[in-house]
Amino acid sequence: MESTPEELTNNRSPEPSESDSVEKPTHVRFLVSNAAAGSVIGKGGSTITEFQAKSGARIQLSRNQEFFPGTTDRIIMISGSVKEVVTGLELILDKLHSELHAEDGSDVEPRRRLRLVVPNSSCGGIIGKGGATIKSFIEESKAGIKISPLDNTYYGLSDRLVTLSGTFEEQMRAIDLILSKLTEDDHYSQNVHSPYSYAATAGYNSVNYAPNGSGGKYQNHKEEASTTVTMGVSDEHIGLVLGRGGRNIMEITQMTGARIKISDRGDFMSGTTDRKVSITGSQRAIQQAETMIKQKVDSASERATE
């Protein structure tokens with residue numbers, strides 16, 4: 001591969017890892033609203049197919065209703081070499097910016113917010129000793145960069161949000177700096193299986209890693225014998241168990257590690273109008289999940305009698 005003139009004139013001392021990192025496989029995950037996700041996918045998937053072809057990167061989205069915990073935003077993951085990922089990201093952001101820009105109708109380019117999803121274990125590298133790295137990134141890119149604290153209300157969540165604010169150019173400069181830093185960290189490159197890894201680890205409505213050890217870090221020696229218990233929840237209360245956008249059921253699966261399946265409308269426990277809620281997991285996980293489901297239902301009954 002020939003060097004571009006820009007690489008030849010790069011006056012930084014050539015470290016062996018630097019040229020490697022451009023080719024090293026990496027990825028970036030960020031949040032988009034449901035509406036924005038639709039415009040990235042395009043009619044019949046046409047836009048996402050075009051962006052993948054142009055950039056050479058793989059672009060995946062979490063499914064409809066699969067949101068980052070505590071938000072109603074979906075996750076986009078772009079993977080490939082650093083160059084492919086940056087190109088893919090530019091194409092997506094450019095499309096979203098231009099659509100928003102057209103709505104604004106003003107000539108001044110507005111400052112935008114972009115929220116990256118970064119594993120907590122990799123945030124230290126971005127922050128640097130005493131905040132030195134993040135400070136230098138802010139000065140160099142002119143973008144605002146803020147890292148959210150880890151949200152402990154979601155059990156098993158090990159990702160934080162890195163918010164970039166600024167113009168398109170400022171955000172892209174910040175992305176370049178952050179991505180090259182993250183790519184230096186081998187753990188980061190191996191750390192992700194899908195755009196929604198926390199949902200998957202909880203077995204929520206998404207890919208389940210096989211407990212026989214083929215799922216990488218979810219090894220079977222941690223698994224206890226798995227059983228399934230079915231409980232009934234009245235039809236009117238099933239919404240409380242699901243929660244808005246599936247949030248409650250996601251929280252229960254994350255906190256207990258159990259898998260929960262709710263029967264379709266009209267599929268009741270025999271002789272009742274209770275929907276079937278099947279809970280699969282270890283004894284302990286099942287008990288915890290049953291307790292949490294009962295709490296959700298009871299809290300509504302209490303409110304109704306007050």
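View 1. Arg29 is buried, at a relative accessible area of 2% (buried means under 20%, exposed over 50%, partly exposed in between, with a 1.4 Å probe and protein chains only). This is a predicted model, in which local features need pLDDT of at least 70 and side-chain atom pairs count only at pLDDT 80 or more, while totals for chains, interfaces and linings use all residues. Residues are numbered from 1 along each chain as its sequence is written, and side-chain values use heavy atoms, with hydrogens and water left out. Arg29 makes a salt bridge with Asp159, with the closest N and O atoms 3.1 Å apart (a side-chain nitrogen of Lys or Arg within 4 Å of a carboxyl oxygen of Asp or Glu). The pair joins distant parts of the chain, with Arg29 in strand β1 and Asp159 in strand β6, 130 residues apart (strands are DSSP runs of E, at least two residues; helices are runs of H or I, at least four; both are numbered from the N terminus). Asp159 is buried too, at 5% relative accessibility.

**View 2. Arg115 meets Asp73.** Here the salt bridge is 2.3 Å, N to O. Arg115 sits in strand β4 and Asp73 in the loop between β2 and β3, 42 residues apart. Asp73 is buried, with a relative accessible area of 11%.

View 3. Lys181 and Glu184 pair at 3.7 Å, N to O. They are three residues apart in α8, which means about one helical turn separates them. Lys181 is partly exposed, at 28% relative accessible area.

**View 4. Ala225 in its loop.** Look for Ala225 between α10 and β7; this residue is exposed, at 67% relative accessibility. Ala225 and Gln283 lie 58 residues apart in sequence, yet 8.1 Å apart in space, C-alpha to C-alpha.
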